[in-house]
Amino acid sequence: MEKLSQDATVTVLRPKLLIPTKEPGLQWLIGSPFFPPFTVISAFRCIHYLENSSSPDYDKESDDARSLLLKGFDVIGALVAGSSDFEKSAREAINAACQLRKLLSDGRELRNEGTIGAVADLDTGHVHVFLSRSGDSTSVLSLASVVYKEHSEEYVWETGCLIRCQLPIKLPFFVPLGNPPERMFLRATEAAVAQLKDSQVVFMLERLNEGSSDVPEPIIIRGRELNFRVDLSDIKPVGEEASQDSDPKTLTCKNFCLKSKSSQTVISVENADIIQVSVLFNRSEKSPKSMAPVAEYFPALEEARLLVVDFELDVLCYAAKNLSLIHAVSELVIPALVHQLNSMKKAVLPKLLTECPQLHAYHFNPTGFVHPVTAIYELSYGETEMKQVEIRRSLHLRLGLPFDRPLLRVANALDFSKVKDNSGSNLRQKGLSLLKDVHIGIPSSGVSRGIVSLVQGSYEYHHYLQDGFDDSGWGCAYRSLQTIISWFRLQHYTSIEVPSHREIQQSLVEIGDKDPSFIGSREWIGAIELSFVLDKLLGVTCKIINVRSGAELPEKCRELALHFENQGTPVMIGGGVLAYTLLGVDYNESTGDCAFLILDPHYTGNDEHKKIINGGWCGWKKAVDSKGKNFFLHDKFYNLLLPQRPNMV
């Protein structure tokens, strides 16, 4: 084994990325040709293995990687977990990564930039890193340490930008009766791929998020100007002076990026510079001589029928800002369109003679990732249909995401339609917007050395007299329920609108809990009714805890703390004719001292955060404070409604 050279180093842009999971297995390490060699940005688990073997199914893995991974990112290595022979396992990881990269290269000759082979010791948690300079396992370098880079999102989005291209494709083709349609369909898709590389095709590039008063003019690039024989790793960055030229051949992606951003802007994928690419297939250009339209007739040799397959391509690419626009189109956009078309083609092929799947690509930026990923979903059935659930479950497994968080639902997809202001932040849409997460920034509870357990995620503050509806004196439980449902909406467990008081009453009548006369009344509801509505409208189950009086509430602090740590949903406290929304507890297990973070729905003022906090409508409350004042009624029983987070993806 060779000794480590002085310049050999592995940089990781995601904190704790190489910390192994508890299960043995293989992970693909992801980098980019726009980063220094051996820079790891993320990792994907290998989930497809050959039957009765520990060897990856490279065909399936490469198909998934083409769909999931943005063009501009590559597999640069692999990590093996659960091995004791580190060097041998590192060679196997390097060979696996090289084999996958070869399939992803689509037959193009790979330039040997080197490969990472990492081995995780599950007993100690230590990761041993090896490098191959030659691109295979014949020459391996042992690496002593790994450098974790701070502010990785800033590095990624200051270095590069996103390129998006949406392209609807309609594929008509004739199939002779009695013959299978597969061959003609494959010919039609091959013709569509060839058309993308036609010399007459026009690509129009423009800035998507117009966050500056100085918006550059769109750039036109013609197919004949492209060069498809250049690899990204061979492309040299365009110099600053050349990139200022107006010639499309020298313009770079930086031409469409903001020159400067506000100091308050959080640099992330949501605020990344985005270039929109439109593909124009019409051949309208100046001709030296006038020509009449030409129609060609191709007689059918036998009886045939016409089939039409529609594709809605939507690709996202990552490009360095100093990459020329011509190379961005030829080496990123077009290959990405081809890969997505081929992925959709494989899904459509078995169903040509039945109902063709409605396929759509969505882009996500899941928690813990500093770059987006792409998933192709079938829209011909709902999100909760088991086949769609299994697709998302496999994506969660591959990306190492929890299975009780709906992180890859359609509602979580990146929304490129939002207009941005000069700072790069999303402008608020027109109409009323309720306050969210009002507990952030409130004073501490006063519990000495307590452990704070809080609601996980965002919610809206619903209270008396909102929406011009007078429910003062009877609607507090309705408002608490609206806050709870808003939490499920904002966490994308549901897409239903937050129901009005009348719609809540209608739900209770429909399930038989109330008589029809209940609709439109001012009758108070409690924890039981709230659980019925959550079950009917959202399919959410609830746990109800009965407490004989407010004085016994502190005894439930440990159970409430576990709820906020494991479930994270808002809790409704109902007692007598009062209801509150509980957002957290601060609990000292040794002394028993505790406080409750209360969001009070009895507030009747304007939605002013400072006024709400200063008035005590959101803050920490003790059952009995230092002055002996009781916040909770002692002569009334209390019900605690604990909504359970659905175990769903």
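Is Asp-437 buried or exposed, and what is its relative accessible area? Asp-437 is buried, at a relative accessible area of 15%. Buried here means under 20% relative accessible area, exposed over 50%, and partly exposed in between (1.4 Å probe, protein chains only).

This is a predicted model: local features need pLDDT of at least 70, side-chain atom pairs count only at pLDDT 80 or more, and totals for chains, interfaces and linings use all residues. Residues are numbered from 1 along each chain as its sequence is written, and side-chain values use heavy atoms, with hydrogens and water left out.

**Overall**

The protein has 649 residues, and 48% of them count as buried. Its secondary structure comes to 11 helices and 23 strands. These are DSSP runs numbered from the N terminus: helices are H or I with at least four residues, strands are E with at least two. Take contacts between residues at least 6 apart in sequence: 70% join residues at least 24 apart. Contact means heavy atoms within 4.5 Å.

**Backbone: positive phi**

Most residues other than glycine have a negative phi. Asp-437 has a positive phi although it is not a glycine. Asp-467 is also not a glycine and has a positive phi.

| Residue | Phi | Location |
|---|---|---|
| Asp-437 | about 50° | loop between helix H6 (386-399) and strand S17 (451-454) |
| Asp-467 | about 60° | loop between S17 and H7 |

Asp-467 is exposed, with a relative accessible area of 60%.

**Helices H8 and H9**

Helix H8 (residues 501-510) packs against helix H9 (residues 527-538) at about 85°, with the axes 10 Å apart. The two helices are therefore roughly perpendicular. Axes are lines fitted to C-alpha atoms, for helices over the stretch in contact, and angles run from 0 to 180 degrees between N-to-C directions. Angles under 35 degrees count as roughly parallel, over 145 as roughly antiparallel, 65 to 115 as roughly perpendicular and the rest as oblique.

H8 contributes Ile-504, Ser-507, Leu-508 and Glu-510 to the contact; H9 contributes Glu-529, Phe-532, Val-533, Lys-536 and Leu-537. By class, that is 5 nonpolar, 1 polar and 3 charged residues. Ala, Val, Leu, Ile, Met, Phe, Trp, Tyr, Cys and Pro count as nonpolar, Asp, Glu, Lys and Arg as charged, and the others, Gly among them, as polar.

Buried residues of H8 are His-501, Ile-504, Gln-505, Ser-507, Leu-508 and Val-509. Their cover includes helix H7 (476-490) and H9.

**Aromatic rings**

The whole structure holds 18 aromatic pairs. Rings of Phe, Tyr and Trp (its six-membered ring) pair if their centres lie within 6.5 Å; planes under 30 degrees apart count as stacked, over 60 as edge-to-face and the rest as tilted.

Phe-364 and Tyr-377 form a tilted pair, 6.0 Å centre to centre with 50° between the planes. Phe-364 lies in strand S15 (residues 359-364) and Tyr-377 in strand S16 (residues 373-378), 13 residues apart. Phe-364 is buried at 1% relative accessibility. Tyr-377 is buried too, at 2%.

Trp-487 and Tyr-493 have ring centres 5.9 Å apart and planes at 15°, so this pair is stacked. Both residues are buried.

One aromatic cluster is formed by Phe-34, Phe-35, Phe-73, Tyr-155, Trp-157 and Tyr-318.

The charged end of Lys-514 sits over the ring of Phe-518, 5.3 Å from its centre. The test asks for NZ of Lys or CZ of Arg within 6 Å of the ring centre and within 35 degrees of the ring normal.
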